[in-house]
Amino acid sequence: GVQVVTLGETMALVAATTTGAFTVGAPARISFGGAETNVAIGLSRLGHSAAWIGRLGADPLGFLVKDALRAEGIDVSRVRVDSDVATGLMLREHRTADRVRVSYYRRGLAGSRLTPADIDTELIQRAGLLHVSGITSALSESARAAVHTAVEAARSAGVLVSFDFNYRAALWSAREAAAEFESLVAQADIVFAGEEEAAMVVGEGSVDEVTKALVALGPRQVVLKRGGEGAYAVIDGETATSPALKVSLIDPVGAGDAFVAGYLSALLDDLGPAERLRRGNVCGAFAVSVSGDWEGLPRRSELATMDGTENVAR
Ligand code: ADP
Ligand code: KDG
């Protein structure tokens, strides 16, 4: 068995390596990304075992994703590769120095075919933690059902459920998403959200108010990810905060997933609230200061790299 099980869609990525709109011959880098596999990679690099359940197409991009995840030490034995559908794709333009534009090519593609039959409930019930994100429920009815199958399996076996809102406006309306998010918050033990995401479910309020309003729906751990402000949490009834680290912002995509990986890693290590938030912020700092959704995530031996203020370690 594995410590952590996650599921969802992972797509190939073509990311511009210069600023400006895409043009013929513009330089780009091929990679991949998916909120849940970003978390799994983070956990794996920190020494935890993780499995990802999802679907890919039997095409060059699908094999690229599966091989790379395997190389990161993730259990991909439950990944299904379909021969009659393409792997999803994201295009990322650095439209200007400060504005990144992501275009998705995913509707109806491999990831959206995830279905309850893909969920290995025994694998989940033997694990310590299940992590899901709000993206999966937006992909298709069957993907949404798969999320609920996984969550119910975890809950019935007393396995912790972690949920990150990850609202993607390109996939569904705020109204549709809010109802689904509320249901997942109520079934989760650990919830991660941004301030605006939290407000989708509990309405506008101060950081403290929206966090406590989420706690009132059921989860014992609610963490607000606050970008350059760090994190604010209510954990087992106690408030905890932790500042972000001072680093250069190179690529904000994947910061939230990095934070989640760091937080969950510390939780799995039985560390307290302050250490969980701290490790989340350290992993977030690694993610934003390296380009790529997950490429900058630290190994356990590298966590201390962010301690102190020296730029060069030798
Ligand atoms: P999301 O990617 O889900 O929108 P955030 O933007 O809140 O998430 O970022 C997640 C975490 O990444 C933050 O809580 C923080 O730890 C880290 N982070 C984000 N932006 C910065 C920044 N400018 N400087 C340092 N750390 C950051
Ligand atoms: O959180 C980063 C993810 O958004 C990215 O890797 C791709 O899963 C993704 C999505 O749907 O946006």
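This is a predicted model: local features need pLDDT of at least 70, side-chain atom pairs count only at pLDDT 80 or more; totals for chains, interfaces and linings use all residues.
## The shell around ligand 1

Ligand 1 is surrounded by 14 residues. Gly227, Gly230, Leu245, Gly256 and Asn281 are the closest of them. By type, the shell holds 6 nonpolar, 6 polar and 2 charged residues.

Helix α9 spans 255-268 and helix α10 spans 273-288. Each of them supplies at least two residues of the shell around ligand 1.

## Polar contacts and cover of ligand 1

Oxygen atoms of ligand 1 meet both backbone and side-chain atoms. From the backbone, an N or O atom of Gly256 lies 2.9 Å from an oxygen atom of the ligand. Gly230 also brings a backbone N or O atom, 3.1 Å from an oxygen atom of ligand 1. From a side chain, a polar atom of Lys225 lies 3.3 Å from a ligand oxygen.

On its own, ligand 1 has 550 Å² of accessible area, and the protein covers 76% of that area. The ligand sits in the largest pocket.

## The shell around ligand 2

Which residues surround ligand 2? The list runs through Met11, Gly33, Gly34, Ala35, Asn38, Met90, Tyr104, Arg106, Ile135, Arg168, Asp257 and Asp293. Sorted by type, the shell has 5 nonpolar, 3 polar and 4 charged residues.

How much of ligand 2 does the protein bury? Alone, the ligand exposes 310 Å², and the protein buries 94% of that. Ligand 2 takes up space in the largest pocket.

## Aromatic pairs

The structure holds 9 aromatic pairs. One of them joins Tyr167 and Phe181. Their ring centres are 6.3 Å apart. Their planes stand at 85 degrees, so the pair is edge-to-face.

Where do the two partners lie? Tyr167 is in the loop between β10 (160-164) and α6 (174-187). Phe181 is in helix α6 itself. The pair therefore ties together parts that are 14 residues apart in sequence.

Terms used
Residues are numbered from 1 along each chain as its sequence is written. Chains are lettered from A and ligands numbered from 1 in the order in which they are written. Side-chain values use heavy atoms; hydrogens and water are left out. A residue is near a molecule or strand if one of its heavy atoms lies within 4 Å of it. A polar contact is a pair of N or O atoms within 3.5 Å; within protein, one must be able to donate a hydrogen and the other to accept it, and residues adjacent in sequence count only if both atoms are side-chain atoms. Accessible areas come from the Shrake-Rupley method with a 1.4 Å probe; for residues, only the protein chains shown count as cover. On a 1 Å grid over the protein atoms alone, a cavity is a set of points where a 1.4 Å probe fits but cannot get out, and a pocket is an open set with protein on both sides within 12 Å along at least five of seven lines; lining residues have an atom within 4 Å of a point. A molecule sits in a cavity or pocket if more than half of its atoms lie within 2 Å of its grid points. Helices (H or I, at least four residues) and strands (E, at least two) are DSSP runs, numbered from the N terminus. Ala, Val, Leu, Ile, Met, Phe, Trp, Tyr, Cys and Pro count as nonpolar, Asp, Glu, Lys and Arg as charged, and the others, Gly among them, as polar. Rings of Phe, Tyr and Trp (its six-membered ring) pair if their centres lie within 6.5 Å; planes under 30 degrees apart count as stacked, over 60 as edge-to-face and the rest as tilted.
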